[in-house]
Amino acid sequence: MDFISKEIIDYCLNMSSAESDLLNKINRQTHLNTTQPRMLSGHLQGNFLSILSKLKQPVNALEIGVFTGYSALCIAEGLTQNGSLYCIDNNEETNLIAQNYFNESKFKNNIKLLQGNALDIIPTLKPNFDLVFIDADKKNYINYYNAVFDKVNKGGLIIIDNVLWSGKVITNAKDEETQTLQQLNLLISKDNRVKSQLLPLRDGLFLIVKN
Ligand SMILES: C[S@@+](CC[C@H](N)C(=O)[O-])C[C@H]1O[C@@H](n2cnc3c(N)ncnc32)[C@H](O)[C@@H]1O
C-alpha cells in the first residue's frame, strides 16, 4: 500500500533515475506472469534500495525473500567490486525466474541464490553483512531480526519491508502478521543497540543502523 498520493509518487518517479531496461522487464513480466506481482518492490522502493546500497557499498549483503529478483538486483548495484549478495527464498518456481534475470545482469557472479527456509539457512551463513533486506513471510519477522542481528557488522544497515502492513499496525487487528509487525516495530523502537527510522515509503520501510 502507498501512503502518499499516486500523483506525488508519479512526480517523484519522473524526477528520479529511470528503471534500467532489465528492471523494467522484470517489473512487466512479473505483472504478466505471476499471481502476486504486488510483492515486487517496484521502481520507487527499488531505486531507494539501490541508493542505500550505493551509500553503504556492502562487501556482503543479504536478502531474505527474493521473489522474481527485482530488489536483489537493486541492492546488487551498490556492492563493492567482488562483493556478494546472498539471497534466500523457499519458492523453487520463482527462484528459477530470479536466477535467469541474475544471469542476464552484470551481477551474475556476485549474487548467490540459496533455496530453502530462511530460518534454516541464516545460521549456516559464514560472512557478516553490511546490509540486510528482510522481505519474506511477515510472521517470522521478529525471528529474522534476531537471527541476522549478530551477523550484521557495526554500522551495518538492516532494512525491513511492509512494517506498516497497509496501515493495519495502528488498528486492533488480531491476525498473526499484524501482531508480529506491531511487536517488531515496538521492539526496534526500544532497541538501544540501533539507530532506527520507520519511513512511510510504500508499505512502510524500517531503516535500522547497528551502533
Ligand atoms: C514479498 S516477496 C519478496 C519480494 C522481493 N524482495 C522484491 O522486492 O522484489 C516475499 C518472498 O519471500 C519468500 N518466502 C516466504 N516465506 C519464506 C521462508 N520461510 N523462507 C524463505 N523465503 C520465504 C516467498 O517465496 C516470496 O518470494
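A residue is called buried if 20 or more other C-beta atoms lie within 10 Å of its own, exposed if 12 or fewer do, and partly exposed in between, with C-beta atoms placed from the backbone. Helices (H or I, at least four residues) and strands (E, at least two) are DSSP runs numbered from the N terminus. The model shown is predicted, with local features needing pLDDT of at least 70 and side-chain atom pairs counting only at pLDDT 80 or more, while totals for chains, interfaces and linings use all residues. Residues are numbered from 1 along each chain as its sequence is written.

View A. Strand β5 (residues 152–161) runs parallel to β4, to which five bridges join it; two strands are taken to pair if DSSP finds at least two bridges between them. Phe 129 stands opposite Val 152 in β5, and Ile 134 stands opposite Ile 160 of that strand. From β4 the chain crosses through helix α7 (residues 141–149) to β5, and this β-α-β crossover is right-handed, a term that applies if, with the strands pointing away from the viewer, the path from the first strand over the helix to the second runs clockwise.

**View B. Strand β4 beside β1.** Six of the six residues of strand β4 (residues 129–134) are buried, so β4 is largely enclosed by the rest of the structure. Strand β1 (residues 60–64) runs parallel to β4 and is joined to it by four bridges, and Leu 62 has Val 132 in β4 as its bridge partner.

View C. The 13 residues of helix α5 (residues 92–104) should span 18 Å at 1.5 Å a residue, and its end C-alpha atoms are 19 Å apart, which agrees; the expected span is 1.5 Å times one less than the number of residues. Asn 95, Ala 98, Tyr 101 and Phe 102 are the buried residues named in α5. They cover an arc of only 125° around the axis, which puts them on the same side of α5, where the arc is that of the directions from the helix axis to the C-beta atoms. The face turned away from this buried side carries the exposed residues Glu 92, Glu 93, Leu 96, Asn 100 and Asn 103. Strands β2 and β3 (residues 111–115) pair in the parallel sense over five bridges, and Asp 89 stands opposite Gln 115 in β3. The chain crosses from β2 through α5 to β3 in a right-handed β-α-β crossover.

**View D. The surroundings of the ligand.** The ligand is surrounded by 18 residues, of which the closest are Ser 41, Gly 65, Phe 67, Ser 71 and Asn 91; a residue counts as near if its C-beta atom, placed from the backbone, lies within 6 Å. The elements giving two or more residues to this shell are α4 (70–76) and β2 (84–89).

**View E. Two loop residues with positive phi.** Ser 166, in the loop between β5 and α8 (176–189), has a phi near 55°, a positive value in a residue other than glycine. Arg 202, in the loop between β6 (194–199) and β7, has a phi near 50°, likewise positive in a residue other than glycine.
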